[in-house]
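Please look over the notes below with the model open.

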Amino acid sequence: MKFINIGFGNMVSAGRIVAIASPDSEPIKRLVRDAKEGGRVIDVSCGRRTRAVIITDSDHVILSAIQTETVTNRLASDDESVTDDESDEE
């Protein structure tokens, strides 16, 4: 199981991430509002401005203070390291 740092020492399982979105659009704002009402929001922004909204396969919504591009790059570099490890085994 691979984890990605999503800021302030918080980690999320890479395999559980469904989408990473910017919090600026109205549909994402509605999604976050609905998740808050349903008790499915995990806010790891430590009081800072939310810059990335991470949606998981369990319908949880994670609010992070780091940029969406940064989370995406960390996820991509994690995927590449898995590919490199697999090629070493062959």
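1. Strands β5 and β6 form a hairpin with four residues between them, and Asp59 in the turn has a positive phi of about 70°. This is a predicted model, in which local features need pLDDT of at least 70, side-chain atom pairs count only at pLDDT 80 or more, and totals for chains, interfaces and linings use all residues. Residues are numbered from 1 along each chain as its sequence is written, and side-chain values use heavy atoms, with hydrogens and water left out.

2. β5 (residues 52-56) runs antiparallel to β6, joined by four bridges; strands (DSSP E runs of at least two residues, numbered from the N terminus) pair if DSSP finds at least two bridges between them. Strand β4 (residues 41-43) pairs with β6 in the parallel sense over three bridges. Leu63 is the bridge partner of Val53 and also of Asp43.

3. Which residues of β6 are buried on its two sides? Val61 and Leu63 are buried on one side, Ile62 and Ser64 on the other. Buried means under 20% relative accessible area, exposed over 50%, and partly exposed in between (1.4 Å probe, protein chains only).

4. Helix α1 (residues 26-38; a DSSP H or I run of at least four residues) has Ile28, Val32 and Ala35 buried. Its buried residues fall within an arc of 65° seen down the axis, so they line one face of the helix; the arc is taken over directions from the helix axis to the C-beta atoms. Pro27, Glu37 and Gly38, on the other side, are exposed.

5. Met11 lies in strand β2 (residues 10-13). Met11 counts as partly exposed because its relative accessibility is 49%.

Definitions and conventions:
Expected span 1.5 Å × (residues − 1).
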